[in-house]
Amino acid sequence: MKLLPHTPDWNASPPEVWKHWQLVQLRDYLNRRVIPFSAHYGRLFKEHGIHPLDIKSLEDWSRVPLTSKQDLANPRDFVLMPNEAVLRREPGMIFTALLHGKNAAKEQAEAEFRPILLTSTTGRSADPVPFLYTKHDLHNLDISGTRLMLAGRSQREYRHINLFPYAPHLAFWLAHHAGLGFGTFMLSTGGGKTLGTDGNIKLIDKIQPDILIGMPTFIYHVLREAHETGKRWTNLKRIVLGGEKVADGLRARLRDLATALGSPDVHVMATYGFTEAKMAFPECVGESHEASGYHLSPDLGLVEVIDPKTGELVPDGRPGEIVFTPLDARGTVVLRYRTGDIAEGGLTWEKCPNCGRTCPRLLGPISRVSEVRELHIDKLKGTLVNFNLLEHLLDDQKGIAAWQIELRKRNDDALETDEVHLHLTAEPGVHEADLELAVSRRFHEATEITPNELHFHTLAELRDQLGVGRLLKEEKLVDHRPKAHTAASHVALSS
Ligand SMILES: [Zn+2]
Ligand SMILES: [Zn+2]
């Protein structure tokens with residue numbers, strides 16, 4: 001039995017209540033669940049002489065070492081494996097055994113600890129890391145899924161269609177559990193790979209959903225095809241996006257397409273989630289169409305924002321890397337996990353101006369730490385190029401239907417200088433020459449480099465090159481530079 005104060009209300013509890021509650025919960029969670037049952041963290045805390053009950057403040061907590069992707073080489077070390085003898089002595093277990101018998105106590109332990117679902121990371125370069133869920137985690141997935149519905153002001157009577165690719169990937173399963181948790185109609189089509197674009201369009205046409213949920217580029221593609229084939233979808237109210245980041249330009253284009261299909265007041269709502277959190281954090285739908293950040297679940301996870309170089313906490317509202325610690329997860333558990341994502345607007349505990357909720361929020365845009373790369377454009381010195389900036393720029397540029405940045409070596413020679421090639425598809429009616437001029441100029445303004453070459457493609461060609469519907473993450477930045485041992489230092493990431 002946990003001697004914890006009642007969990008605060010997600011919508012309305014004030015920051016000081018949350019901050020106190022989170023520390024109490026963190027200590028209890030570490031002490032009863034993580035440190036005794038996690039091989040990795042049991043070892044780590046011992047090595048550093050840290051006892052969970054000594055963590056009295058966030059400052060104490062910030063002395064616990066961070067966990068990075070590279071630390072997850074042996075995923076089994078991060079799975080909570082209960083020790084039966086320890087469990088049997090727990091007051092909660094004794095209580096259940098006395099009241100309902102030994103079998104009930106055993107069932108309770110099974111539900112809490114036995115892994116029954118797996119989702120996996122989808123890194124571009126690193127090996128995928130499996131994350132295990134127990135029944136306890138699936139219950140929490142229902143809770144965080146329900147909050148997506150609440151933040152998006154959905155209603156039980158609404159019809160929802162989940163267009164995420166069917167895969168062992170958080171996005172698909174979270175959308176599925178959002179429907180279960182909220183108790184509403186949710187049709188999961190499996191996305192483009194399973195039914196094809198046409199199959200998805202036919203289903204949407206038949207069901208006339210209120211809410212579409214999926215990857216930004218796939219939903220854009222579906223809406224565009226639907227519009228071009230003369231469909232009328234007049235019942236759409238929300239478009240909920242996940243799986244990749246969403247540029248402001250794309251939001252506007254999605255709203256325009258929905259209007260053209262007959263739904264003039266669609267709200268576009270983005271979510272931010274990652275495998276290691278086993279949840280996603282939603283934007284909210286309020287009076288305005290302005291995004292007001294990602295609403296966290298402080299009862300389920302502790303989010304910190306750090307300086308990616310020093311690892312120190314940054315003050316609220318300052319940009320930094322997002323670090324996550326679950327407060328009630330079982331199965332695979334990582335503490336102080338470095339996401340590699342930068343929240344440009346930092347963390348805020350101020351009341352949301354859009355929906356009035358008082359849960360903490362992460363303010364975007366959110367970009368990858370590792371996308372600042374050093375390029376050797378000339379033989380003399382390296383140039384640091386922020387590809388996040390370029391991505392935002394290309395997403396927001398009017399007249400571009402799709403794009404891809406390709407890094408090459410001059411003459412495919414590993415010892416030669418780097419080249420940046422830009423692949424583009426123009427929107428119908430846009431002159432390629434105009435686009436070429438506009439893009440080259442904006443490229444140069446943002447990064448002081450200009451693409452070596454622009455290649456124009458049809459939408460079908462470029463979509464294939466990007467892996468739309470085939471890959472879970474589109475390859476918007478591809479590196480085709482041949483590697484030579486002597487050139488290894490040239491491709492080092494700056495972070
Ligand atoms: Zn509106
Ligand atoms: Zn809000």
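This is a predicted model: local features need pLDDT of at least 70, side-chain atom pairs count only at pLDDT 80 or more; totals for chains, interfaces and linings use all residues.
Biologist: Which protein residues are the donors of the zinc ion (ligand 1), and what spacing do they follow along the chain?
Modeller: The zinc ion (ligand 1) has Asp265 (OD), His267 (NE2) and His289 (NE2) as its protein donors, lying 2.2 to 2.6 Å from it. Written along the chain, the spacing of these donors is D-x1-H-x21-H.

Biologist: Is His267 buried or exposed?
Modeller: The relative accessibility of His267 is 8%. Because buried means under 20% relative accessible area, His267 counts as buried.

Biologist: How are the rings of Phe37 and Phe113 arranged, edge-to-face or stacked?
Modeller: Phe37 belongs to helix α1 (residues 15-37) and Phe113 to helix α6 (residues 102-113), 76 residues apart, and the pair links distant parts of the chain. Phe37 is buried at 3% relative accessibility, and Phe113 is buried at 4%. The ring centres are 5.6 Å apart with the planes at 90°, and since planes over 60 degrees apart count as edge-to-face, the pair is edge-to-face.

Biologist: Which aromatic cluster includes Tyr272 and Phe274?
Modeller: Tyr272 and Phe274 form a tilted pair, 5.5 Å centre to centre with 50° between the planes. Tyr272 is buried with a relative accessible area of 8%, and Phe274 counts as buried at 9%. The one aromatic cluster they belong to is formed by Tyr272, Phe274, Phe281, Tyr294 and Phe324.

Biologist: Which ring does the charged end of Arg253 sit over?
Modeller: Lys237 lies over the face of Tyr158, at 5.2 Å from the ring centre. For Arg253, the charged end is 5.9 Å from the centre of the ring it sits over, that of Tyr220.

Methods
Residues are numbered from 1 along each chain as its sequence is written. Chains are lettered from A and ligands numbered from 1 in the order in which they are written. Side-chain values use heavy atoms; hydrogens and water are left out. Donors are N, O and S atoms within 2.8 Å of the metal (3.2 Å for Na, K and Ca); water is not among the atoms, so sites may look incomplete. Buried means under 20% relative accessible area, exposed over 50%, partly exposed in between (1.4 Å probe, protein chains only). Rings of Phe, Tyr and Trp (its six-membered ring) pair if their centres lie within 6.5 Å; planes under 30 degrees apart count as stacked, over 60 as edge-to-face and the rest as tilted. Helices (H or I, at least four residues) and strands (E, at least two) are DSSP runs, numbered from the N terminus. A charge sits over a ring if NZ of Lys or CZ of Arg is within 6 Å of the ring centre and within 35 degrees of the ring normal.
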